[in-house]
Amino acid sequence: MISNQVLQTTIDGLRNITRIDFCVIDTEGKILASTFSDAERYTEPAVAFVDSPADSQVVSGCQFFKVFDEHQMEYILLAYGDSDDVYMVGKLAVFQIQNLLIAYKERFDKDNFIKNLLLDNLLLVDIYNRAKKLHIETDVRRVVYMIEVGHDKDGNDLDHVRGIFEGKSQNFVTAIDEKNIIVVREVEPTETAEDLHRTAEVIYGLFKGDKSVHVAYGTVVNEIKEVSRSYKEARMALDVGKIFFEGNNIIAYATLGIGRLIYQLPIPLCKMFIKEIFGSRSPDDFDEETLTTINKFFENSLNVSETSRQLYIHRNTLVYRLDKLQKSTGLDLRVFEDAITFKIALMVVKYMKYMESLDY
């Protein structure tokens, strides 16, 4: 069904061109769009006109037309006036609205297909058969973007995103649930990872820096049957990004690193790992100074001199802190293997805390 906003825009445009007023009423007598103020007085005649065998007639100086969608009446169109010119313009307006119905139905069919494709609700043979009927190319390179808007999205959010992807027929914008918008975007053979990220920045820019909005995207796939994989990657990137990349509102699946492995670990296994390494303690039980030292040491790739410089402490002070940490945990962060173990442990604890917050 066409939105009331689109109907209003359509008859406003026709009014500006023809200088004839229009009104669109549904079959139950509800006014959906109008360019004149006293349209209410035509609602009863419009309801009576629904049962009339005629496709058009003049009532109280106004031309009434039935608008059909595949033999099913959808609207009554009123064109204000009873002259032959008004009749001709009214017929043209009916033709325009019927074409809009066809276009919107095709969009709905494609939208429904894309949703089922993303959610793996189609058999392989159905994917290719339906894609052919809907004139969707099957061997186009595509990538899936997921936009979490941080609130229950409205039609404007969806329309804003659609606005930047309508140029190509192989781009699709849809919504899977209340908070997420999905973009299935065609990718040119020459595009790089930087181009994919720039697209994510453009999408995020639509929301004017709203920190509650997150944009995540998967990897490029070569066939339509693989689109659901890119969607699952984008969804994982969205979740993993919240855990391990808190400051990033844009995250790519390809940049998740070890985070995407930890995200798939069962919680009991995580607890067992932490207990084996630290016993009854947890790596986030350390005081703020120790945790700051550890994180800065990792940021500087285990470089003692650079870490002490950025912490504004003497090199020997940093060495003392690392020695103290080694005594309490048995892990020397200056040794690569121990550093990896400690880093993973910190990430595992972060993951467990995130999952616990979801439970509550």
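This is a predicted model: local features need pLDDT of at least 70, side-chain atom pairs count only at pLDDT 80 or more; totals for chains, interfaces and linings use all residues.
Me: How do helix 11 and helix 12 pack?
Reply: Their axes lie 9 Å apart, at an angle of about 105°. Angles of 65 to 115 degrees count as roughly perpendicular, so helix 11 and helix 12 are roughly perpendicular to each other.

Me: Which residues meet there?
Reply: V304, S305, T307, S308 and L311 of helix 11 meet R315, L318, V319 and R321 of helix 12.

Me: Take T307. Buried or exposed?
Reply: T307 is buried, with a relative accessible area of 0%. Beyond its neighbours within four places in sequence, T307 is in contact with T293, K296, F297, N300 and L318.

Me: Switching to charges, how many salt bridges are there?
Reply: The count comes to 15 salt bridges. One of them joins D323 and R334, at 2.5 Å from N to O. This pair links distant parts of the chain, with D323 in helix 12 and R334 in the loop between helix 12 and helix 13, 11 residues apart.

Me: What network includes that pair?
Reply: D323, D332 and R334 are linked in a network of salt bridges. D323 is partly exposed at 30% relative accessible area, and R334 is partly exposed at 31%.

Me: And R229 with E233, how are they placed?
Reply: They are four residues apart in helix 7, and therefore separated by about one helical turn. R229 is partly exposed at 36%, whereas E233 is buried at 9%.

Me: Last topic: which residues form the nonpolar surface patch?
Reply: L265, L269 and M272 form the patch, with about 250 Å² of accessible area together. L265 lies in the loop between helix 8 and helix 9.

Terms used: Residues are numbered from 1 along each chain as its sequence is written. Side-chain values use heavy atoms; hydrogens and water are left out. Patches are made of residues with over 30% relative accessible area and no salt bridge: like charges are joined within 9 Å, nonpolar side chains (Val, Leu, Ile, Met, Phe, Trp, Tyr) within 5 Å. Accessible areas come from the Shrake-Rupley method with a 1.4 Å probe; for residues, only the protein chains shown count as cover. A salt bridge is a side-chain nitrogen of Lys or Arg within 4 Å of a carboxyl oxygen of Asp or Glu. Helices (H or I, at least four residues) and strands (E, at least two) are DSSP runs, numbered from the N terminus. Buried means under 20% relative accessible area, exposed over 50%, partly exposed in between (1.4 Å probe, protein chains only). Contact means heavy atoms within 4.5 Å. Axes are lines fitted to C-alpha atoms, for helices over the stretch in contact, and angles run from 0 to 180 degrees between N-to-C directions. Angles under 35 degrees count as roughly parallel, over 145 as roughly antiparallel, 65 to 115 as roughly perpendicular and the rest as oblique.
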